[in-house]
Amino acid sequence: MCDYDNAIFRLATAQETEPEDYIGEDGLLYCGKCRQPKEAYFPEGKTLFGRDRHPRACDCKRKILDEQQAAEDIRRHFDTVERLKRKGFTDPAMREWNFDNDNGKCPQMEFAREYVEQWGHMKAENHGLLLWGNVGTGKSFFAGCIANALMKLEVPVCMTNFALILNDLAASYKDRNEYISRLCSFHLLILDDFGMERGTEYGLEQVYNVIDSRYRSQKPLIVT
Ligand SMILES: [Zn+2]
């Protein structure tokens, strides 16, 4: 047998036998704890490597496998959310802008929750938000709450501002298009403190480029 056959053989025959296990009336090995078979016959009398049966998970084994799977799913989810936060936030402080840290001062916060709850619809209909108001009224916090909540649902979000975008564009002269298409690849783009950048002609042109590309990508944009 070659290595591949050996591996298949081990898979097909590996059986963990416990002292309390027993052979049932059908000739199969049974688990002494849950009294479920640990083996099953191949259908229609078929055989593999001369064996007429293959291992099967009894209830105890199934429970262990399910628990391992659940733990693996949780770990994978945390990794995904962490990766989205690393990629999507331009400032680590943004990680703290979430509904759990809401001090209740912003009466419009329910709209942020609603936006997250209705995300499927918002995305499908390309609904964005325009948040305006005086300095210190919590617009960035509001948008950050949406970003964190959506990332928790494994939605790719980017939260940045034009001062950073203009810096990045200046630094990546050759790959501007690539940079802008990367911004457009996020399911939601949040531009914080829009209008703070004072308009040089170059700056305004880039602002136009980014907004226009985002518009053409038909994905939502939130601007504060
Ligand atoms: Zn069992």
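**Reading loops, a metal site and helices**

Student: Where does Asn126 lie?

Tutor: Asn126 is placed in the loop between α4 (119-124) and β5 (129-130); helices (H or I, at least four residues) and strands (E, at least two) are DSSP runs numbered from the N terminus. This is a predicted model, in which local features need pLDDT of at least 70 and side-chain atom pairs count only at pLDDT 80 or more, while totals for chains, interfaces and linings use all residues. Residues are numbered from 1 along each chain as its sequence is written, and side-chain values use heavy atoms, with hydrogens and water left out.

Student: Does Asn126 count as buried, partly exposed or exposed, and which residue is 62 positions away in sequence but 9.5 Å away in space?

Tutor: Buried means under 20% relative accessible area, exposed over 50%, and partly exposed in between (1.4 Å probe, protein chains only). At 29%, Asn126 therefore counts as partly exposed. The residue is Leu188, with the 9.5 Å taken from C-alpha to C-alpha.

Student: Which atoms hold the zinc ion?

Tutor: Donors are N, O and S atoms within 2.8 Å of the metal (3.2 Å for Na, K and Ca); water is not among the atoms, so sites may look incomplete. Here the protein donors are the SG atoms of Cys31, Cys34, Cys58 and Cys60, which lie 2.2 to 2.4 Å from the zinc ion. Along the chain, the donors follow the spacing C-x2-C-x23-C-x1-C.

Student: Why is the arrangement around the zinc ion tetrahedral?

Tutor: Four donors count as tetrahedral if all angles lie between 85 and 135 degrees. The four donor atoms subtend angles of 104 to 121°, so the arrangement is tetrahedral.

Student: What follows α5?

Tutor: Glu154 follows, with a positive phi near 65°. Glu154 is in the loop between α5 and β6 (157-161), and counts as partly exposed at 29% relative accessibility. Val155 has its place in the loop between α5 and β6 as well, but Val155 is buried at 8%. The C-alpha atoms of Val155 and Trp119 are 9.7 Å apart, across 36 residues of sequence.

Student: At what angle do α7 and α8 pack?

Tutor: Axes are lines fitted to C-alpha atoms, for helices over the stretch in contact, and angles run from 0 to 180 degrees between N-to-C directions. Helix α7 (residues 176-185) and helix α8 (residues 201-217) pack at about 45°, with axes 9 Å apart. Angles under 35 degrees count as roughly parallel, over 145 as roughly antiparallel, 65 to 115 as roughly perpendicular and the rest as oblique. The two helices α7 and α8 are therefore oblique to each other.

Terms used: Tetrahedral: all angles 85-135°; square planar, octahedral: opposite > 155°, others 65-115°.
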